Amino acid sequence: QLAETGGGGGKAKGKGKGASGPFKSLFLSGTFDDLNEDELWTKFGECGTVSNIKILYDKNIGFVDFEDEESAAKAVKFDGEKIGGVTMGIRGKVERPPKGEKGGKGDKGGKGEGGPVKSVIISGTFDDLKEDDLWTKFGECGAVSNIKILWDKSIGFVDFESEDAVPKAVELDGQEFAGATIGVREKAPKGAGKGDKGGKGDKGGK
């Protein structure tokens with residue numbers, strides 16, 4: 001079932017979470033069996049003008065599109081609240097930048113010990129990539145917490161709530177979905193593969 005009608009409301013300012021750039025859309029997660037969609041329009045309409053709501057009932061995920069970034073950022077504050085009879089997980093969904101526009105460099109992460117792997121790296125030619133389909137496809141493997149696409153590099157990262165989803169996601173390697181043939185590999189934890197440098201040997205006698 002899909003809901004794709006518009007709604008309205010006022011604008012509000014706020015900071016969103018779960019996204020690393022400006023966004024006008026939200027990613028929803030929860031158990032939607034008893035969802036009252038009308039209440040979604042009402043609740044999110046308090047934050048600003050809602051242009052679309054799409055619920056994938058069989059995947060227990062959904063998307064809410066706003067007319068402006070300020071409204072979407074304010075709506076993220078509902079994360080963890082019960083809306084329409086469902087406790088919602090809500091995250092910002094970063095917009096795809098225009099072609100030819102390169103994203104800035106991110107901060108380098110610190111070194112750490114290897115731990116459970118909950119992420120995969122995806123690669124491919126993403127010109128026709130449909131990000132919503134990524135959420136849907138990888139959602140079949142387990143609960144997805146975040147997806148970040150580096151459009152200018154044609155790589156991306158998919159983060160899961162549990163490491164159990166990673167092996168299932170890797171099985172999608174080489175398959176065509178979301179408008180692209182996707183390469184999928186496990187993302188090594190920080191600190192993995194870094195060994196100590198060996199010491200210098202003693203010099204031989206003359």
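## Salt bridges

Glu 140 comes out partly exposed, at 46% relative accessibility (buried is under 20% relative accessible area, exposed over 50%, partly exposed in between, with a 1.4 Å probe and protein chains only). Its salt-bridge partner is Lys 137, with the closest N and O atoms 3.9 Å apart; the criterion here is a side-chain nitrogen of Lys or Arg within 4 Å of a carboxyl oxygen of Asp or Glu. Lys 137 is also partly exposed, at 23%.

A quick word on provenance: this is a predicted model, where local features need pLDDT of at least 70 and side-chain atom pairs count only at pLDDT 80 or more, while totals for chains, interfaces and linings use all residues. Numbering runs from 1 along each chain as its sequence is written, and side-chain values use heavy atoms, with hydrogens and water left out.

The structure holds two salt bridges. Besides the Lys 137 pair, there's one between the side chains of Arg 91 and Glu 161, at 3.0 Å from N to O. Arg 91 sits in strand β6 (residues 89–93) and Glu 161 in the loop between β9 and α4, so this pair ties together parts 70 residues apart in sequence. Glu 161 is partly exposed, with a relative accessible area of 41%.

## The sheet

Helices (H or I, at least four residues) and strands (E, at least two) are DSSP runs, numbered from the N terminus. Four strands make an open sheet in the order β8-β9-β7-β12, paired antiparallel; pairing takes at least two DSSP bridges between two strands. β8 and β12 (183–186) are the edges, each with a single partner strand, so one side of each has no neighbour in the sheet. On average, neighbouring strands are turned by 20° against each other, direction ignored.

β7 and β12 share four bridges in the antiparallel sense, and Ser 123 stands opposite Gly 183 in β12. Helix α3 packs on the sheet, touching β7, β8, β9 and β12, and its direction makes about 140° with that of β8. Those angles run from 0 to 180 degrees between N-to-C directions, using lines fitted to C-alpha atoms (for helices, over the stretch in contact).

## The cores

A nonpolar core is a set of buried Ala, Val, Leu, Ile, Met, Phe, Trp, Tyr and Cys residues joined through side-chain atoms within 4.5 Å. The largest has 28 residues, and Val 120, Ile 122 and Phe 138 are among those with the most contacts inside it. Elements supplying at least two residues each include β7 (119–123), α3 (131–139) and β9 (155–160). Apart from this core lies another, of 23 residues, including Leu 26 and Val 64.

Note on methods. Contact means heavy atoms within 4.5 Å.
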